[in-house]
Amino acid sequence: MNQPHHESATRQYSELNYNPGAKWIKGLTQNRLGTFLGGHFSDVNLSSVLFTHRLDNAEHVKLEVWSAPGISKPTFEEAMKHKFKPAKKGDSFGPSWTNHWWKVSVTIPEYWEQYERVQFEFDPGCEAMIYDVDGTPLQGITGGFGGDRRVEYIIPMDIRAKGTHDFIVESSCNGMFGVPWNGDTIAPPDMNRYFALASADLVVPNQDAWHLLWDFSTLREIVDSLPGNTLLQNKALAVANEIMNTFRSGDASDIRRCRQLAEGVFGENWQSEGESIYKDDEQAQIWGIGHCHIDTAWLWPYRVTQQKVARSWATQVDLMERYPEHRFACSQAQQYKWLKELYPSLFDRVKEQISAGKFHPVGGSWVENDSNMPSGEALIRQFVFGQKFFMENFGIRCETAWLPDSFGLTGAYPQLIRGAGMKYFFTQKLSCNVFPHSTFNWVGIDGTQVLCHMTPVDTYTAQASVGDVQKGLSNHKNLESSDTSLLVFGNGDGGGGPLAKMLENLRRIRATNNQSRDLPPISMGHSVDEFFEHLLETTSTGKKLPNWHGELYLEFHRGTYTSHGSIKKGNRHSEILLRDVEHVATLASILRSTEYTYPKGKIDECWEKVLLNQFLPGSAIGMVYDDAEKLYADVGKDGRALMEEAFQVLFPNSGPLTTETKLQSNTSLNQIIGYNTTFLDRREIVKIPLAGASAGLQAAVAQVDQSSKVGYAIMDNGVLDALVGDNLDMHASGYKPRIAYTNGSDHFVLRNSSVQLTISNGRITSLVDVRLHRELIADGATGGLVIFEDRPNYWDAWDVEIHHLETPTLLKFINVSVVAHGPLRASVQAQVKHGRSTIDVLISLDAVGATVKPGSRSMFRFDAEVDWRERHQFLKFELPLNIHNDNAYYETQFGYVQRPTHKNTTWDMAKFEVCGHKYADLSEYGYGLAILSESKYGFSCRGNVLRISLLRAATAPDAEQDQGEHKFSWAVMPHKGHFLESDVPMAAYLFNSPMHVRYLPGDKDAIAASSTNHPSFAIHGAPNVILETIKRGENDDFNASFESESSTTVIARLYEAFGGHAHAIVVIGNHFSGRVIRAVTTNLLEDEDEEEEVQLMNDNDLGVVLKLNFRGFEVKTLKITLQDRNDNAAFTNRVQKPRASPTTKRVTKRSSWVDIDGSRLIARDD
């Protein structure tokens, strides 16, 4: 039956052939495609017909401008009050960071009604935003000719019918990535750049030509992205080539024929399907989600970020109205709050899209914070504040944690993410590493897991290209267990987000998917949460996926642990300050509830400033750090004021005791107290002004400074030891209690009965455990300050390269002198000069152990004051130790992490500079040594050399990074036994938490204080459990009257610090006596539906107690509910009857002194 057709084909096949044939030179044809848009042939190719009309004359476009003074950022309402002056296209405006407001009035020709679209093209060469005349932001503008260009404002059809249209433009003199002075992105900003208004035109775009442009762009991407042996790649090339042959005059008929040719790849009438092109997406392997990563500050200050947020999000709302499939994921509650406060009408539009399921809050955190340096409690607050904002404003909580650009991720995160009500996690930055997984279970240091996806596209700013879609499958590292990827697309870092061309491209890619399987199918219209739910469903709830245990270490940007030291100090000290404020404010609100209200609002304001600054790892321009310093100064001022208010409630009429305090005559011993905001026993040396001291107070002073105006005393758990002087006399026979001495020139020794440090010829030549007669400095080596050349391959403030370790210069102490001989504190003052810098260091040794743990060695404290004037130099302190271990220990949030000291693999080698919090430790069986830090985060241990990083001196993007004055401290802490047997975490905790020493001028006040100044909680039976925080409950009503029925709750946050199980007995102090009616453990958000009740018991000796069981590194949130003081019935019914006391050792009296070569100088139980 096919015979006739067969005969016809045979007859049509010619016998003779003199033609050259249809074989092409594929490479030349492929290269030809680049000439169809722009370039040398722009006057005749597709670019020549993209616009039908363009008008810029005064008859159709009227411009007026008002320039805000300086770098002020007035609101819309403020700007409209000013007088505007005439302006025109081509005008120049600036300098950098200034803001300019434009009134625009356009007159639209009547005959333009025939066209599909009319738009206003505004290109200021910088960023801008379109407002309506009522002040509602409509969309963002990005000038210039980069890939993020968006200069068109589409005039709505209903407005076009009126013939005229008025609107407002705010332009800001900065690009998407600031104003780098030489064009290099990371260069410091050019503070005097001016921008020209390149375009202010009323135009009619040729929509058919633009669609052909998008058709051709997709075809070309297919050609460039797919392998050359695929059918689709060759077909796309043939069609694109034929389009170029068909496009002759560029008239409407040519364009229509060209678009019909494109349907050979995309499918017939594909465009008529619109968003329905994505139907039947059950088998989709690529899930598209729009995103706009906006660094909360980087190459621009915070106030510019606020504008970027409004521009970017207004653009996305506009796109959602034009592309129904568009879904947009957006994190950072701080940015939502800025929008709510500064652009309320736009916030309402965003809120509508959230309700419609198109605009998706993700992340659950306040900002996309750095994940290495914030404390564990700060990471919790990131989630508490973020989730609370989303719930209060949108009625939702995020289910997916979202940190695409953080420079490494702590192993504590999985537990915290789950505790904040989330179980999914998206990140991307580790694509810079050679990382083995794309979709995996991330298991934290405590064993908690979250489902993690690290997009194989290797970016959170994908351009929605064919190559991006293809990479989502071809680069997936776990195809054996999951073949689904998330495509996170949209311009980012500096904002912008998805553009219309990206959404058009994705529609064409999906149309191609529907015709060919040479591209993985893509779906749109879903949320990130739905993507993760799909992963769970297709991987047997994660059981088919690989696991990654511990931290996600980024093998880049290690220099940020040290860059901008003042910001690191501001962060650490602010975290500690707010912890202390919450502690004392909680007690004050419980003990004096009728006269003091917990200042929740003010504390939250302080926390928001700290959380905001935790976006900053150390690699922003100087303007950002000027702002950050002001925020930290505000927190310091407000925090200290809040602390003082609470102390006045707890200890009326008291004041902080300093060496400048004027004591009243005959001030007694009990008029000076120390309040301990930690829950660790402590014994330490304090300074006391001597003028006005009574004989009893003077008896507590065992040492006087060189001025004879300040004395040294021992404070034991907040109480001065009255027997110091007597004990010294008693043990003085045959012994001269002197623990610092020198040969008068270049040999200095600090010594007590436990440790000894020797400085010889400017270097630390010996560090001895006196009791064990063990030398800790490696044979032939010396310790001290060392400086390295610091010249990264590119990312200056970000990176420190491994080759910097090849350029050490050992620095020597000079001008060394003994400034305190003991017996309680011995100190030497030393100086280092290098280049144009001066480093003054006070090295001190106290006659107390680092902690009260039996056998605790004393630590050597280094207090540095530095005038830093170097460039591209890296200052560190190092100790080459007579200790060997393949791993060193570094504190991380709520625990520690081990990292290699060797170079077995490239992964091991990469950890030559690492992040730690309050300590780094190198231990072996029987002994170890830790370096403690109060504001530094960079550490290193290569072989046996333990280092702390102190200062860097990069010049980009901040040309003056770290230049100037610095004050910081560190300590060297030898300890008997391995780290896991040590008191290092506790000593580091105390080192970072100074005792609050108070002076009470009145005797009555001092007597009253003695009943208040004792711990509100205590931990028994579990030395590995640390009580980190106490505060009032998030859901307490602090505006309720005293007579109201509102509950009073106290939150205690505890964690296990050594990685083992613990059975802790929590003793609830007398502050809450008779008022505890309920105790529960909750999640981090303090949710009632996540509560698990804990049984209260009444112990004969300890009072009200409860038991908590911990797994290694577990964090527990304990919520205690208190009843009104007058209602004790509830308490009686809740608490079990008395039982035998647990077998825990209680200290009932002080056994003063630690031995110093036979003389007892501090409390010791060993």
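At what angle do H8 and helix H9 pack? The answer is about 85 degrees, with the axes of H8 and helix H9 (residues 333-342) lying 10 Å apart.

## Before we start

This is a predicted model, so to speak of local features pLDDT must be at least 70, side-chain atom pairs count only at pLDDT 80 or more, and totals for chains, interfaces and linings use all residues. Residues are numbered from 1 along each chain as its sequence is written, and side-chain values use heavy atoms, with hydrogens and water left out.

Helices (H or I, at least four residues) and strands (E, at least two) are DSSP runs numbered from the N terminus. Axes are lines fitted to C-alpha atoms, for helices over the stretch in contact, and angles run from 0 to 180 degrees between N-to-C directions.

## How helices pack

Back to H8 and H9: these two helices are roughly perpendicular to each other. The wording follows cut-offs: under 35 degrees is roughly parallel, over 145 roughly antiparallel, 65 to 115 roughly perpendicular, and the rest oblique. Contact here means heavy atoms within 4.5 Å. On the H8 side, Tyr302, Thr305, Gln306, Val309, Ala310 and Trp313 meet Gln335, Tyr336, Trp338, Leu339 and Leu342 of H9. These residues divide into 8 nonpolar, 3 polar and no charged. In this scheme Ala, Val, Leu, Ile, Met, Phe, Trp, Tyr, Cys and Pro count as nonpolar, Asp, Glu, Lys and Arg as charged, and the others, Gly among them, as polar.

Helix H7 has two partners to look at. Helix H6 (residues 231-246) packs with H7 at an angle of about 175 degrees, with their axes 9 Å apart. That makes H6 roughly antiparallel to H7. Among the contacting residues are Leu232, Val239 and Ile243 of H6 and Cys258, Leu261 and Val265 of H7. By class, this contact has 8 nonpolar, 2 polar and 4 charged residues. The other partner is helix H14 (residues 500-513): its axis and that of H7 (residues 252-266) come within 8 Å and cross at roughly 55 degrees. H7 and H14 are therefore oblique to each other. Here Arg259, Val265 and Phe266 in H7 meet Arg508, Ala511 and Thr512 in H14, a set of 3 nonpolar, 1 polar and 2 charged residues.

## Spaces inside

Now for the cavities. On a 1 Å grid over the protein atoms alone, a cavity is a set of points where a 1.4 Å probe fits but cannot get out, and its lining residues have an atom within 4 Å of a point. Grid points are joined across faces, edges and corners, and a volume is the space filled by probe spheres set on the points. By this rule there are 9 cavities of 30 Å³ or more. Two or more lining residues come from each of helix H11 (376-394), helix H16 (565-591), strand S41 (887-892) and strand S51 (1025-1032). H16 gives the most, with 5 residues. The lining as a whole has 7 nonpolar, 6 polar and 9 charged residues.

The second largest cavity has a volume of about 90 Å³. Of its 13 lining residues, Gly140, Thr142, Met176, Thr315 and Gly496 lie nearest its centre. Strand S8 (137-142) and helix H8 (302-322) each supply at least two residues of this lining, which has 3 nonpolar, 6 polar and 4 charged residues.

## Backbone details in loops

The bond from glycine 94 to proline 95 is cis, with omega near 0 degrees, and proline 95 sits in the loop between strand S4 (92-93) and strand S5 (99-107). The bond from glycine 822 to proline 823 is also cis, with omega near 15 degrees; proline 823 is in the loop between strand S36 (814-821) and strand S37 (825-834).

Aspartate 280 has a positive phi of about 60 degrees, although it is not a glycine. Its place is the loop between H7 and strand S13 (286-291).

Methods. 1 Å grid on protein atoms, 1.4 Å probe; cavity = no way out; pocket = protein on both sides within 12 Å on 5 of 7 lines; lining within 4 Å.
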